2 protein chains.
Amino acid sequence: MNNYWNERARNLSPYTPGEQPKDRQFIKLNTNENPYPPSPKVIEAVKKAADDSLRLYPDPECTAFREAAAACYGVNPQQVFAGNGSDEILAFAFGAFFEKTILFPDITYSFYPVYADLWDIPYSLIPLREDFSINISDYRIPSDGVVISNPNAPTGIALELNDIIFLAEFLERQKKVFIVDEAYAAFGAQSAVTLINKFPNLLIVNTLSKSTSLAGLRAGFAIGNENLIEGLRRMRDSFNSYTLDRLALAGGEAAVKDTQYYSGINSRVIATRERVTEILRSLNFTVLPSCANFIFIRFSSLGGRELFQALREQGILVRHFNRERIADFIRVSIGTDEQMDIFIKTCKDITERRKG
Amino acid sequence: MNNYWNERARNLSPYTPGEQPKDRQFIKLNTNENPYPPSPKVIEAVKKAADDSLRLYPDPECTAFREAAAACYGVNPQQVFAGNGSDEILAFAFGAFFEKTILFPDITYSFYPVYADLWDIPYSLIPLREDFSINISDYRIPSDGVVISNPNAPTGIALELNDIIFLAEFLERQKKVFIVDEAYAAFGAQSAVTLINKFPNLLIVNTLSKSTSLAGLRAGFAIGNENLIEGLRRMRDSFNSYTLDRLALAGGEAAVKDTQYYSGINSRVIATRERVTEILRSLNFTVLPSCANFIFIRFSSLGGRELFQALREQGILVRHFNRERIADFIRVSIGTDEQMDIFIKTCKDITERRKG
């Protein structure tokens with residue numbers, strides 16, 4: 001079979017997104033969605049945009065959304081690129097900036113090797129330390145560029161801004177691009193956006209899916225110097241001129257403007273994460289120190305797959321990665337306090353049953 | 001400059017979409033949008049989808065939208081792929097199915113050579129006949145596949161279904177993919193969807209932007225055998241798992257279901273096109289025989305650029321392509337009868353001024 005696929009299509013190993021169950025009601029802690037709804041101003045803006053003007057193409061430059069994001073971060077709109085989620089932006093960035101061997105951690109967002117394969121870019125995996133943190137010095141070696149998620153996924157562990165500077169300086173001397181994926185930064189890491197005027201090789205990628213509660217809207221943005229932004233535009237305009245629809249543009253603009261609402265809900269997510277971390281540790285779970293809206297946890301006498309399965313049977317969806325070094329862990333998105341209380345109680349039951 | 005772009009990014013010649021004016025009120029006949037609004041059921045469905053569930057990822061399989069499109073065309077949902085407009089689907093298709101030299105007309109949708117460059121696919125341009133029609137026999141030569149827009153753009157001229165069969169048979173014997181881009185088929189061409197079970201190499205690509213009045217929603221679909229659909233999915237899942245947001249999925253589903261509304265407005269577009277064609281011909285314009293929602297026209301003593309510019313000064317936007325063989329033409333989207341009456345009067349003024 002596969003008569004019609006070319007070599008690229010045959011060789012791809014596509015990314016597998018987390019399950020989106022349709023039938024049964026689960027407590028859904030598997031895809032790092034925000035447990036709180038989007039800002040009411042977003043809903044209002046989207047409803048308002050749902051009118052007869054849908055017959056017209058959207059603004060291909062995404063001007064209003066980019067201007068709002070620029071204002072929010074104190075940068076120039078020419079330093080902002082808008083895309084259909086950070087996934088699309090990363091796909092364009094890999095396609096525009098890398099050719100030879102790039103570096104990223106052995107344990108990180110599992111879409112990075114997929115992008116590299118899509119564009120036929122060789123890559124080298126740099127092992128995390130034993131404690132699953134990134135040793136930034138390991139990346140100061142010859143390469144065609146570096147991609148780091150900060151905080152990292154699925155560990156949740158963040159780098160200091162000084163580490164970002166330390167590597168950005170090294171890569172800038174060689175004119176190599178450094179992508180910092182800040183999908184989860186709003187939950188506790190320091191954003192490197194403040195560094196873009198100093199480091200023209202630094203591209204910060206962000207999404208509205210997590211901290212802005214809009215996984216269903218498909219919007220994200222990248223911030224960096226104009227040359228990098230222009231490279232992304234060239235890729236976009238060679239692929240699909242309009243990747244954000246009128247509704248996503250309207251909702252995205254309203255979202256980045258409503259920082260007050262979002263810092264409110266994200267503070268709640270952080271508080272829940274800290275509380276849950278403490279309880280799970282008291283129950284003898286290993287919990288990596290997370291700066292994200294998820295935790296990466298392990299229970300000594302239970303395999304990750306087993307824990308995942310036992311939780312699923314109790315109606316709780318989490319994510320398990322069947323990969324070296326982390327097969328014993330599960331990744332748990334932070335839900336509401338009520339959801340997390342059920343999660344903790346279920347974990348307790350499962351692990352006690354195990355002992356008993 | 002361009003320090004950070006790789007060879008691909010440097011060599012791209014991105015597509016230029018038609019102007020989307022922000023300041024002045026134009027009669028906008030330049031991007032083939034439908035002059036009539038989307039179905040009220042679409043607006044209703046989008047507004048309904050604008051709720052707190054936007055915090056959750058959309059269905060990556062686009063199940064409900066695909067099922068609705070499948071029902072509308074009498075095919076199996078497994079034979080349908082959903083994408084962010086036909087542009088994205090074409091980008092994936094070029095990336096999945098072609099490697100060596102492919103064929104398309106010298107005058108056609110100007111995104112095709114851009115996709116070929118993006119994926120580094122060589123291509124050979126097959127000249128249209130003198131009368132700007134496609135001679136299908138010209139494509140029965142060795143190649144890695146063929147892409148044809150039916151009706152063709154920007155000419156508007158359609159092929160017969162027999163021509164499609166004639167080429168599909170030839171290409172299927174060589175296991176080469178034949179993409180038929182039916183973006184404008186609803187305005188007068190025969191769809192080749194009926195042939196997909198006979199020709200497993202045939203991929204029909206369609207969009208909701210034109211005949212469904214939803215250019216601003218970004219949704220489209222492809223219909224073909226399951227192996228082709230799976231190839232598109234592999235590309236999508238190596239690029240961005242969720243390219244249609246919840247609003248586009250809801251609106252798209254409602255749109256493909258409301259065939260009655262759309263056949264009503266599209267009949268009006270066709271009637272207007274026929275009326276305008278007749279009047280323009282009586283004014284000594286050359287008007288190619290169009291089966292699309294646009295016409296491709298020329299006035300002997302005026303260059304295309306000149307006509308474009310004169311219309312623009314009178315507040316009418318059309319499209320001019322500064323390319324060999326067609327530089328004397330302009331492409332005019334069919335607007336409402338009122339808009340087209342103004343267009344005709346303005347053309348009359350411009351050409352009479354020219355004579356006088």
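**Entry 1: the contact.** I looked up who takes part, and found 88 residues from chain A and 88 residues from chain B in the contact, which means heavy atoms within 4.5 Å. I kept in mind that this is a predicted model, where local features need pLDDT of at least 70, side-chain atom pairs count only at pLDDT 80 or more, and totals for chains, interfaces and linings use all residues. Residues are numbered from 1 along each chain as its sequence is written, chains are lettered from A and ligands numbered from 1 in the order in which they are written, and side-chain values use heavy atoms, leaving out hydrogens and water.

**Entry 2: area and pairs.** Chain A and chain B bury about 7400 Å² between them, with 56% of it on carbon and sulfur atoms; this is accessible area (1.4 Å probe) lost on putting the two together, summed over both.

**Entry 3: the side of chain A.** Helix 4 of chain A gives the largest share of the side that touches chain B, 8 residues; helices here are DSSP runs (H or I, at least four residues), numbered from the N terminus.

**Entry 4: helix 9 of chain B.** I checked its length: the 24 residues (259-282) should span 34 Å at 1.5 Å a residue, and the end C-alpha atoms are 34 Å apart, which agrees. The expected span is 1.5 Å times one less than the number of residues. Just after helix 9 of chain B, N284(B) has a positive phi of about 70 degrees.

Conventions: Helix = DSSP H or I, 4+ residues; strand = E, 2+ residues; numbered from the N terminus.
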